[in-house]
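Visitor: I'm new to reading protein structures. Could you walk me through this one?

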Amino acid sequence: MSTSPKPVKKVPIHLQSAQNRVYIKNGQIVNHDKTFMADVYIEDGTIKFVGPASEIVVPGGVRVIDAAGKLIIPGGIDPHTHFQLPFGNAISVDDFYYGTKAAIAGGTTTIIDFVLPNKGESLVEAYDKWREWADPKVCCDYGLHVGITWWSNSVAQEMKIMCDELGVNSFKMFMAYKGLYQLNDSELLDVFERIRTLGAIAQIHAENGDIIAKNVSKLLAANITGPEGHELSRPEEVEAEAVNRACILAHQMDCPLYVVHVMSKSAGIEIARARTRYIKRGIYGETLAAALGTDGSHYGHTWTCPQSTVTSRSDNTRIFNEIIGEMKSPLYVTRVTSKLSAEIIGRARRSGYCVFGETLVSSLGRAMSGIQKQYHMYCITSPPIRESAETPRQLMKSDDLQTTGSDNCTFNKEQKELGKGNFAKIPNGVNGVEDRMSVVWEKGVHAGLLDPCRFVAVTSTNAAKIFNLYPQKGCIAVGSDADVVIWNPHATRTISKDTHHHNCDFNIFEGMVCHGVPELVLVRGRICVENDTVRVAEGFGRFLNSPVRPSYVYDVLEGKTPAEVQAERNGADEQLNGNMKKMNLSALQIEIPQQDSGIFAGKMGGGDFMTITPTQKGHVEGSRNMQESTFSVSEELDKSCARSCIRVRNPPGGKSTGFW
């Protein structure tokens, strides 16, 4: 367990005058569409000025921060967390205090969590329960998605209350978890129709729950009880079929669809094809950080390890292709964690379709082949981390990734071992909210696959636009909330359970050296991270009302803006290339790598839990290595950063409610 100090109580605004006004000078601002040199003045939690020093008179009593040689970026937005989530007899150990504290420590200043009502439970009552858990504890701003885990007229009525009165604009359905959350096709049609009427966004956990339940029974009967059974119960076509079916159903109702945690190659390919077919409709994909940082090639037939990484995934190629082909609604695919899934998304995008993919930081930052088998069980999450060590690189390719989530749902070792002897009972979920930003920088920018603007888009801006929080969140601009990160591209940190801020006793990225460190983090103008010290105020965060009908999604869906025109970056590539050339790369001491050696730093050590021997030494989190960082700006930026949305998600199996 983490030995974090006692939470800092919320400080009244009138006692925070020293932090109410901040002036950041000499930094290089990076937004999703451009980068430029400018100073930033912050007052009362809002950005009041962005421009040259010659155009502002800085008032007295202001905290001045010199950001020379650093990047000034918008705070990260993690659209996929599960804090304080009940799971059978266990509750995820990162509650809203520990979870948001860890988020801030890593440069994420906004999270969106999931309300998951029990079957038969009122949506409003479940929402109230989550607000009661979150409001006194959150250290940063947060929003909520709401799960539709059962269907009735009362649920339909409460969905309108959610949208009209309670600030929710997205609903998640499950095609898996038979007997628990799974909806049938008729119910899904009714829900999609209702969501379209409300101007909201549909999210779907796409796996065939009936097939999974049958497979789980067969595997357990065959005495396959270890963590390897988790993935065996949900092969690629199980996900692909569900994705295809979900897309067709949503298309029939003309409903925007966000498919969460796409973790497979097949699913990604199908998304790409769908985007190709529906140029004027938005398809969005989400993958998890776990998918970008890990893969599942090391899965073995031993119990001791795979449990902790249980996360459902399926590489659905063939079926997912057909599904997307039928889609006319915006599609947001989440949890893209496989090479094939990413390729599908990329193909669709290159064909002009409005498709977005979300991956998980666990998939970007880890390869299962690099984790000793006895630790696999601690990495169990749904969809599962892929086996191929090439998956993280494929997911990171510029055309195949729109958003990154963490799907942070942490259970400690003792809780994970509840599934010993029955893989279906392993609590699904891993950490990721703290390390998401650094892992994406390491696997994307440092590896030469993303440039800094694209990094900002996939870690912040795209999520803000899809869930209608932009430009309050997701950009450095006058009038935006002062959620600001001063990013040091030169520094490195070594991820470790001994220094992380999670309330968990392991870290799936243990030993990974990341280039790129959030040196200072401001949450609504309040300095929360500085000099390796994290000081957050419990309850400082606010609930974010998410208005319905995000123009980023519905203008395309309703034909008001052609998909190819909707992107605010239309024609911005040439401008951005010019901006990147103007970036003072020499001043930042950044060089472009000639190859991507070091994407996977090394093999697992023989002793400590998931220890990596890196190609170059790094410091434990908190210490700084001011050696040069290396990133490439050679990859072409995403030409359709601002398009409609669907999320594809890959769930765990059977009746196990591991998340997400």
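Guide: Let's start with a term: a disulfide is a pair of cysteine sulfur atoms within 2.5 Å. This is a predicted model, where local features need pLDDT of at least 70, side-chain atom pairs count only at pLDDT 80 or more, and totals for chains, interfaces and linings use all residues. Residues are numbered from 1 along each chain as its sequence is written, and side-chain values use heavy atoms, leaving out hydrogens and water.

Visitor: By this rule, what does the count of disulfides come to?

Guide: We go by that sulfur-to-sulfur cut-off of 2.5 Å. With it, the number of disulfides comes out at zero.

Visitor: Is C453 buried or exposed?

Guide: Buried means under 20% relative accessible area, exposed over 50%, and partly exposed in between, using a 1.4 Å probe and protein chains only. C453 has 0% relative accessibility, so C453 is buried.

Visitor: And S92, buried or exposed?

Guide: S92 sits in the loop between β9 (90-91) and α2 (96-105). Helices (H or I, at least four residues) and strands (E, at least two) are DSSP runs, numbered from the N terminus. Because its relative accessibility is 3%, S92 counts as buried.
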